[in-house]
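Me: I am new to this structure and would like to learn how to read it. Can we go feature by feature?

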Amino acid sequence: MKKRIGLLFIVQRSLRQHALSTLITTLSIALGTGLVMAVIAIRAQSVSAFTGGPIGFDAVLGARGSPLQLVLNTVFHLETSPGNIPWTMYQAVQSDPRVELAIPYALGDNYYGFRIVGTTTALFTEFEYRKGVRFRTEGDGRFFDPDRQEAVIGSFAAQKLGLKVGDTFKPYHGLVFDESMQHDEQYTVVGVLEPTNSPSDRVIWIPIEGVYRLEGHVLRGSGEEYIARPGQEIPDVHKEVSAVMLKFRNPQIGFMMDATINKQGKVATLAWPIGAVMAGLFDKIGWMNQILALVSYLVVLVAAGSILASIYNSINERRREFAILRSLGARRKTVFTVIVLEAASIAAFGVIIGFIVYGAIFTSASAIVRAQTGIVLDLLQFQPVFVVAPICIILLGVVAGVVPAFKAYQTDVATNLTPIS
Amino acid sequence: MSLLTVTNLEKAYASPEGSQSRIINVPHFEMDAGKQIALRGSSGAGKTTFLNLIAGILQADRGHIVVAGEEMTGLGESERDRLRAHYIGYIFQTFNLLAGYTALENVMLGMMFGTGIDTNFARHLLERVGLGDRMQYRPSQLSVGQQQRVAVARAIANRPRLVLADEPTGNLDYHHANEAVTLIREICHENSAALLIVSHDSEVLGQFEEAKDFAQVNCV
Ligand SMILES: Nc1ncnc2c1ncn2[C@@H]1O[C@H](COP(=O)(O)OP(=O)(O)OP(=O)(O)O)[C@@H](O)[C@H]1O
Ligand SMILES: [Mg+2]
């Protein structure tokens, strides 16, 4: 035991003597470790968040087109809308006994880039975005009255827009913010939702009726154009929705509806299951992640190479030191062990600092993901890579140490004891 | 009992031209425990080679070296390392202190591979050689004489049975050389270690009752 402590003492001393190269190699290992862990953890967490996160719906019914676009547009509030479907389709699925929950969305407006979604109060009273968890308003807020110009705001949007209960705002037309497109109707914030760490945090919810009545909105539910007039009820035939968010009573229903709507029908698309649609997206962009992973592995390799090179280069100047240690009774394999331990310690310190690098990369990446999608990635969520990467990288450090260690191992005592050599 | 017995020891080096030149040929050399012997020899006579053979740093071509009852010749390198760590302390002409370590740490390194680190004994030794106030100094911060005394303390740190001193005063002036040899002799005596010192400095050797010409020991 004493001897082990002694060896570590020698290791620590020589790392300190070569402080600059120790520092640089440690930092490069840290960078590599942090990159590997961040790339893998961010990928794992975004895949699980986007394919099975706090979505709460099984399927989306929308206009004929790409299911992926439909899902991105409605579940994640990204992308443009592929078009509308008539209100009657909503009524049909809503009255379908196989459907547990059907919630209509009407999109097409924004407020400073944050989307305004027209919907029904079922979103607040029946929808569970996570099993057993419904939307809740903060403090003294409440949900909107479907007959009034009232709005409920997601937490992230409220924070960014600085809107709170009692504030008013006028929506802008279109999904993309354009200053010249402001509507005249004024909405009053009646509630701010508690954070859900889901895309809903970036949404402004208003009654669906309100969307129909925004000036300049043309309804084509019946095939003909119709413009709502104040004080006049809108006939159901003219109404239309961008999508209907669905929850089924059991999974088999998805198969049946997929068959009737997607395979036999021609007017609408059922994006189902949502997780599989998103998984398809990740499969498509998987190569990008592979490149990132490859780059991070290369950084680790280069870092291990720099450990090898820097220690290897120091061996010549340290031959006398090894000879002296040998003359004091150290064995060849002791010298070998010292060098391997040096390489391993650099790798180990690098790995420890690597967790800080991971934290930094992850935090900035997740800030971007949150701003873009509302999904919050959890820095501290355990990933197997947190164990696998450090072990592999330290082992790699050991391997990198073997080459210079062997060179040190070969040091001849007698010829290196004299100061000339 | 004899601490060190050397019989028919031979060692040759390959000269740069390729031929073998025999440097060491010692038919018989013996030392009792606790004894102090000085060998006088001219430069290039093979004194360092002889000590390195005894220390097990060099492998003999032929013959026997027995230290403290253990036959050294024929042992593998790591066994010789072990014997050296346990039985032998070595003082070099150039001291060979490790630059990155303090005086105290240098002495402790002398213990590490043998009996194990005993910080109190290391401190005691440095105080004994008059460096109680210099323990945390690095070799570069010490005078040559002080460095030499650290080397002396380190050689004894492992409580060796035999201390080998190779021209230990070569870097010191006359006055200090005598002082240093006196110190080495005393400290070896106090720690019941035998002392084999080689030098070409007749003045230093004058202190020893038993001083031999290396040429008589080594018949090349
Ligand atoms: N590795 C080597 N290869 C070839 N010849 C060597 C080697 N080491 C020493 N020699 C030769 O062996 C001889 C003895 O060397 P050694 O160092 O033992 O002498 P020494 O008596 O200690 O001399 P000095 O008093 O100058 O230190 C010298 O002639 C030297 O050239
Ligand atoms: Mg010599």
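Me: Where in chain A does His77(A) lie?

Reply: This is a predicted model, so read each feature as part of a prediction. His77(A) sits in the loop between helix H3 (67–74) and strand S2 (85–86) of chain A. Look at its backbone there. His77(A) is not a glycine, yet its phi is positive, about 55°.

Me: Which residues does a cis peptide bond join in chain A?

Reply: Trp272(A) and Pro273(A). The angle to check is omega, and here omega is about -15°. Pro273(A) belongs to the loop between strand S14 (268–271) and helix H9 (274–284) of chain A.

Me: Next, the domains. Which stretches of chain A make up each one?

Reply: Domain 1 takes 2–50 + 286–416, and domain 2 takes 59–272. So domain 1 is written as two stretches, by the automatic or database assignment. The centres of the two domains of chain A, taken over C-alpha atoms, are 51 Å apart. Domain 1 brings 8 residues to the contact and domain 2 brings 9 residues.

Me: How is the size of such an interface given?

Reply: The accessible area lost when the parts come together is often used. Domain 1 and domain 2 of chain A bury about 750 Å² between them. Carbon and sulfur atoms hold 59% of that.

Me: Which residues of domain 1 lose the most area to domain 2 of chain A?

Reply: Arg370(A), Thr373(A) and Gly374(A). Together they account for 47% of what the domain 1 side buries. By element, helix H12 (residues 332–373) of chain A gives the most to that side, with 4 residues. By class, the domain 1 side has 4 nonpolar residues, 3 polar and 1 charged.

Me: How many salt bridges are counted between chain A and chain B?

Reply: The count is 4. To see a salt bridge, find Glu105(B) and Arg13(A): their side chains meet at 2.4 Å, N to O. Polar contacts between chain A and chain B come to 9 residue pairs.

Me: Last, the rings. How many aromatic pairs are there over all chains?

Reply: The rule counts 31 aromatic pairs over all chains. Take Phe124(A) and Phe144(A). Their ring centres are 5.2 Å apart and their planes stand at 80°, so the pair is edge-to-face.

Me: Why does the pair of Phe124(A) and Phe144(A) tie parts of chain A together?

Reply: Phe124(A) lies in helix H5 (residues 122–125) of chain A, while Phe144(A) lies in the loop between strand S6 (133–134) and strand S7 (150–153), so the pair links parts that are 20 residues apart in sequence.

Technical notes
Residues are numbered from 1 along each chain as its sequence is written. Chains are lettered from A and ligands numbered from 1 in the order in which they are written. This is a predicted model: local features need pLDDT of at least 70, side-chain atom pairs count only at pLDDT 80 or more; totals for chains, interfaces and linings use all residues. Side-chain values use heavy atoms; hydrogens and water are left out. Contact means heavy atoms within 4.5 Å. Buried area is the accessible area (1.4 Å probe) that two parts lose on being put together, summed over both. Helices (H or I, at least four residues) and strands (E, at least two) are DSSP runs, numbered from the N terminus. Ala, Val, Leu, Ile, Met, Phe, Trp, Tyr, Cys and Pro count as nonpolar, Asp, Glu, Lys and Arg as charged, and the others, Gly among them, as polar. Rings of Phe, Tyr and Trp (its six-membered ring) pair if their centres lie within 6.5 Å; planes under 30 degrees apart count as stacked, over 60 as edge-to-face and the rest as tilted. A polar contact is a pair of N or O atoms within 3.5 Å; within protein, one must be able to donate a hydrogen and the other to accept it, and residues adjacent in sequence count only if both atoms are side-chain atoms.
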